[in-house]
Amino acid sequence: MILKNIFMYLAFINILAFVCFGIDKQKAKAHQWRISEKTLLGIAICGGSVGAILGMRFFRHKTQHAKFALGLPAILILQGIAAILIYSFV
């Protein structure tokens, strides 16, 4: 049951991250209100790093910003290490 909830959460947060990158890209093109970088990175830190990376690549958005081009893969690596450590102790 717990594993199912974890997978559902990760699916949700990664879809959210992907969609947020798409929305932010559209808003940037239209010179409208934007989703803050802090929010985009926060979603990635909360487990949406895969969705954020896919959104960044798919929408070609924030790819020139080192904070995203290097930061998102770093977040993903740290999350992977954390998952391995947690799994090994459970």
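In the predicted model, Ala-69 touches Met-56, Lys-62 and Thr-63 when residues up to four places away in sequence are not counted. Ala-69 belongs to helix H3 and is partly exposed, with a relative accessible area of 21%; the value falls in this class because the limit for a buried residue is under 20%.

Helix H1 comprises residues 2–29. At 1.5 Å a residue, its 28 residues should span 40 Å, and the distance of 41 Å between its end C-alpha atoms agrees with this expectation. The buried residues of H1 are Ile-13, Asn-14, Ala-17, Cys-20, Phe-21, Gly-22, Asp-24 and Lys-25. These buried residues pack against three helices, namely H2 (37–58), H3 (66–69) and H4 (71–89). An α-helix has 3.6 residues a turn, so residues three or four places apart point the same way. Just after H1, a positive phi of about 55° is found at His-31.

A nonpolar surface patch of about 630 Å² is formed by Ile-2, Leu-3, Ile-6, Phe-7, Tyr-9 and Leu-10. Ile-2, a member of this patch, is placed in helix H1. The relative accessible area of Ile-2 is 65%, and the residue is therefore exposed, the threshold for that class being over 50%.

The largest nonpolar core contains 15 residues, of which Phe-21, Leu-40, Ala-52, Phe-68 and Leu-72 touch the most other members. Two or more residues are given to this core by each of H1, H2 and H4. The greatest contribution comes from H2, with seven residues. Phe-21, one of the buried residues of H1, is in contact with Leu-40, Ala-52, Gly-55, Met-56, Phe-59, His-61, Lys-62, Phe-68 and Leu-72, residues up to four places away in sequence being left out. Among these contacts of Phe-21 are Leu-40, Ala-52, Phe-68 and Leu-72, which are also named with Phe-21 as the core residues that touch the most other members.

His-61, a further contact of Phe-21, is located in the loop between H2 and H3. Its relative accessibility is 6%, so His-61 counts as buried. Neighbours within four places in sequence aside, His-61 is in contact with Phe-21, Asp-24, Lys-25, Ala-28, Arg-34 and Met-56. The C-alpha atoms of His-61 and Lys-25 are 6.1 Å apart, although 36 residues separate the two in sequence.

Side chains of opposite charge can pair when their charged atoms come close. Three salt bridges are present in the structure. In one of them, the side chains of Arg-34 and Asp-24 meet at 3.0 Å, N to O. This pair links distant parts of the chain, with Arg-34 in the loop between H1 and H2 and Asp-24 in helix H1, 10 residues apart. Asp-24 has 0% relative accessibility and so counts as buried, whereas Arg-34, at 35%, counts as partly exposed. Both Arg-34 and Asp-24 are also among the contacts of His-61.

Another salt bridge joins the side chains of Glu-37 and Lys-62 at 3.2 Å, N to O. Here too, distant parts of the chain are linked: Glu-37 is in helix H2 and Lys-62 in the loop between H2 and H3, 25 residues apart. Glu-37 counts as partly exposed at 24% relative accessibility, while Lys-62 counts as buried at 10%. Lys-62 is moreover in contact with Phe-21 and with Ala-69.

Glu-37 also meets Lys-67 through their side chains in a salt bridge, with an N to O distance of 2.9 Å. Because Lys-67 lies in helix H3 and Glu-37 in helix H2, this pair ties together parts that are 30 residues apart in sequence. The relative accessibility of Lys-67 is 45%, which means that the residue counts as partly exposed. Through salt bridges that share partners, Glu-37, Lys-62 and Lys-67 are joined into one network.

Terms used: Residues are numbered from 1 along each chain as its sequence is written. This is a predicted model: local features need pLDDT of at least 70, side-chain atom pairs count only at pLDDT 80 or more; totals for chains, interfaces and linings use all residues. Side-chain values use heavy atoms; hydrogens and water are left out. Helices (H or I, at least four residues) and strands (E, at least two) are DSSP runs, numbered from the N terminus. The expected span of a helix is 1.5 Å times one less than its number of residues. Buried means under 20% relative accessible area, exposed over 50%, partly exposed in between (1.4 Å probe, protein chains only). Contact means heavy atoms within 4.5 Å. Patches are made of residues with over 30% relative accessible area and no salt bridge: like charges are joined within 9 Å, nonpolar side chains (Val, Leu, Ile, Met, Phe, Trp, Tyr) within 5 Å. Accessible areas come from the Shrake-Rupley method with a 1.4 Å probe; for residues, only the protein chains shown count as cover. A salt bridge is a side-chain nitrogen of Lys or Arg within 4 Å of a carboxyl oxygen of Asp or Glu. A nonpolar core is a set of buried Ala, Val, Leu, Ile, Met, Phe, Trp, Tyr and Cys residues joined through side-chain atoms within 4.5 Å.
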